[in-house]
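Visitor: Could you take me through one part of this model closely, the open sheet, and show me how its strands are arranged?

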There are 2 protein chains.
Amino acid sequence: MRKIIISLSLLVAVCFGASAQQALWGGQNIVSPEIKADNTVTFRYVAPKARTVQVSGDFIKPTKTKINWGGREIEMDVPVPVDMVEKDGIWEYTTEALPSELYSYSFVVDGTPNVKDPNNVYLIRDVASVTNVFIIGGGQADLYSVHDVPHGSVTRRWYSSPTLGYDRRITIYTPAGYETGKLKYPVLYLLHGAGGDEEAWIALGRTAQIMDNLIAEGKAKPMIVVMTNGNPQQQAAPGETQEGFYKPAMMGGAPATQPKATFVEAFPDVIAFVESNYRVIKKKSGRAVAGLSMGGYHSQTLSMTYPNTFDYVGIFSAGGIRGDGQDEAVNLLKAQRDNGFKLYWIACGNTDFLYQGVIDYMKKLDEIQFPYKYRESDGGHIWRNWRVYLGEFVPMLF
Amino acid sequence: MRKIIISLSLLVAVCFGASAQQALWGGQNIVSPEIKADNTVTFRYVAPKARTVQVSGDFIKPTKTKINWGGREIEMDVPVPVDMVEKDGIWEYTTEALPSELYSYSFVVDGTPNVKDPNNVYLIRDVASVTNVFIIGGGQADLYSVHDVPHGSVTRRWYSSPTLGYDRRITIYTPAGYETGKLKYPVLYLLHGAGGDEEAWIALGRTAQIMDNLIAEGKAKPMIVVMTNGNPQQQAAPGETQEGFYKPAMMGGAPATQPKATFVEAFPDVIAFVESNYRVIKKKSGRAVAGLSMGGYHSQTLSMTYPNTFDYVGIFSAGGIRGDGQDEAVNLLKAQRDNGFKLYWIACGNTDFLYQGVIDYMKKLDEIQFPYKYRESDGGHIWRNWRVYLGEFVPMLF
């Protein structure tokens, strides 16, 4: 077989030529980001004619910055881009030693922001922005990395939502062994934040890697994770709909239409789909719901609106009861309390702009003796926290 | 429900603030690419301090260009970047009216190539390069777009390859209705080119959209499409392995290791996995194999090495018999001919650098009265052709 027929090495060589025809190479023989043994990271960007090149990203300690936001001045933790230094046309910046984490970054070239690193093919979209990513291993981020363990499957498929009146896209993680086994599995419904979609948790959330690793270590029970689209006016993530490769709403495209129902009203369609298409435990003790930010609000609301549906609730970085309907909410929470459940887990970063809302919400829960657990972390309204929370929440389930 | 509990609009507004905290917006209120009603396309790039900005992409008619390739001068069809014009810090270029197609592009800023468009979140990796993409509808590319039709599922999962000695990642398309039905389906094994992986056909190949649309129109039979990784030294696509977010081999990273077997030798592991995990027709009449470039070579070789396995063979833009082993190949082809099959379909672009090899291969087939069909298209060794070929090949199957 080895010597056979068509010289594969020649063909591959020729196909490399084909690649050139399509300009498949980044074309630059430099390494960026270069992750060194001491966990310092060097970024490089080739731009001999640029006057300034900076790098921005979540490896930079954020600075409290006043931002004009919709005419209102608010203070936010923002990473301020750092200057890179040019030598022979290559701009460089080396970080301090970074803690183990998954990081996002981009360059600012002559003041133009959001310039991707052509030497790094790893890009993740978050809402309406795409950034390069890299991982520093040896700690927390090992949970987000691929290891030599049994791997679950990740399926993108569509389900029918009669309540909303159209088919919608959904992402589903099934644990290793699901397809060839006979067991029934519990289900975690995992919800994204405002502007996100059914790709958010599987991309920046690293859900498949986290689940694979926790299950392999025996720290979490094998379960199915359902990542639905929390925007009832959307059929699917940007680019996955009939609208084509439109500019996402948060970049000024695809104006929102008025949906026929709220996400919470339409959620029974998701459960009905999952429970008729997968071998799952169809009772409260086999269902969990958790989400970040808007998805945390969704988890709160779903769990009190359908008090016989979820025994486990995770509320990540979400504010509490506000505005109208406080009395109604309190009544629903009391009913949920009386109805019982196994876990109501609230988590928030101590510099999150929603932090005070979370504290106020827990005061309300205390007033009605509503049982919950609280996890406070460092940091703000950021994916680092949500990955950490997922990794801590999942082992408590089922 | 509408008035309930937590003011969703307020929460969403606040979460938009959260987005700002993460710099989720592209931050530029311009549209790029802007696709106009007459199918001209305007690209825009904000760079007030740049001296030159150009746009490159496959919408540009390629020019024959001499390239120094590994010390050897070869002539290739290469798109030459076109100059953009600056006004008020925004660089612009408008194309002629473009035929319906999926296009890739990037910017060249002050000579630095491969700069992505920050106003376009749609990026596809091809081998070791990432480019922005857009679609011009109204013709061929409607086949590559999402329509309001029943959608199949796309699953990324892992299978065990005892022959290679490790688990490997695989992408599987199942047609709409597969999960809840009882029918057995035929299978198309669809193979990528050199440097590609199990993401190639589903990303730039638009396999899921092509299959959904052809099946919905009644032009293709419902079938399962299996997209495996053709590099036996790889477990998975870049970033999906234990190696982490390494620099792909073609960018100078991840040195190839010597695999225990060739892709062709290990292929029975793929079939065994598919046939024990899916409801499929387990005979020759229910199996097709097709591939582009190196995957075309793989399809040739698989179909003659295992002459009782595939009734349908598609060879896209692949050269023919070369080097050593010609006699052995001719003997295998004669046996394959005598054994019989239903379709042997060869396709190539008339400016493909492998074109002459394809012509020579067909001469060899003619000499031994080996039956085949030939489809010649315009253009070179490019994804446009491979999407077209897939759309024409699939309706002839099963």
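Guide: Gladly! Let us start with a term: two residues are in contact if their C-beta atoms, placed from the backbone, lie within 7 Å. In chain A, residues 24 or more positions apart account for 72% of the contacts with a separation of 6 or more. Please keep in mind that this is a predicted model, where local features need pLDDT of at least 70, side-chain atom pairs count only at pLDDT 80 or more, and totals for chains, interfaces and linings use all residues. Residues are numbered from 1 along each chain as its sequence is written, while chains are lettered from A and ligands numbered from 1 in the order in which they are written.

Chain A has eight helices and 20 strands; these are DSSP runs numbered from the N terminus, helices being H or I of at least four residues and strands E of at least two. Now to the sheet. Four strands of chain A form an open sheet in the order 1-2-8-7, with antiparallel pairing (two strands pair if DSSP finds at least two bridges between them). Strand 1 (34-35) and strand 7 (85-87) of chain A each have a single partner strand, so these edge strands are left with one side lacking a neighbour in the sheet. Strand 7 of chain A runs antiparallel to strand 8 (residues 90-94) of chain A, joined to it by three bridges. Within strand 8 of chain A, A:Ile90 is the bridge partner of A:Lys87.

Strand 2 (residues 41-46) of chain A includes A:Val46. This residue, A:Val46, has 22 other C-beta atoms within 10 Å and is therefore buried (20 or more count as buried, 12 or fewer as exposed, and in between as partly exposed, with C-beta atoms placed from the backbone).
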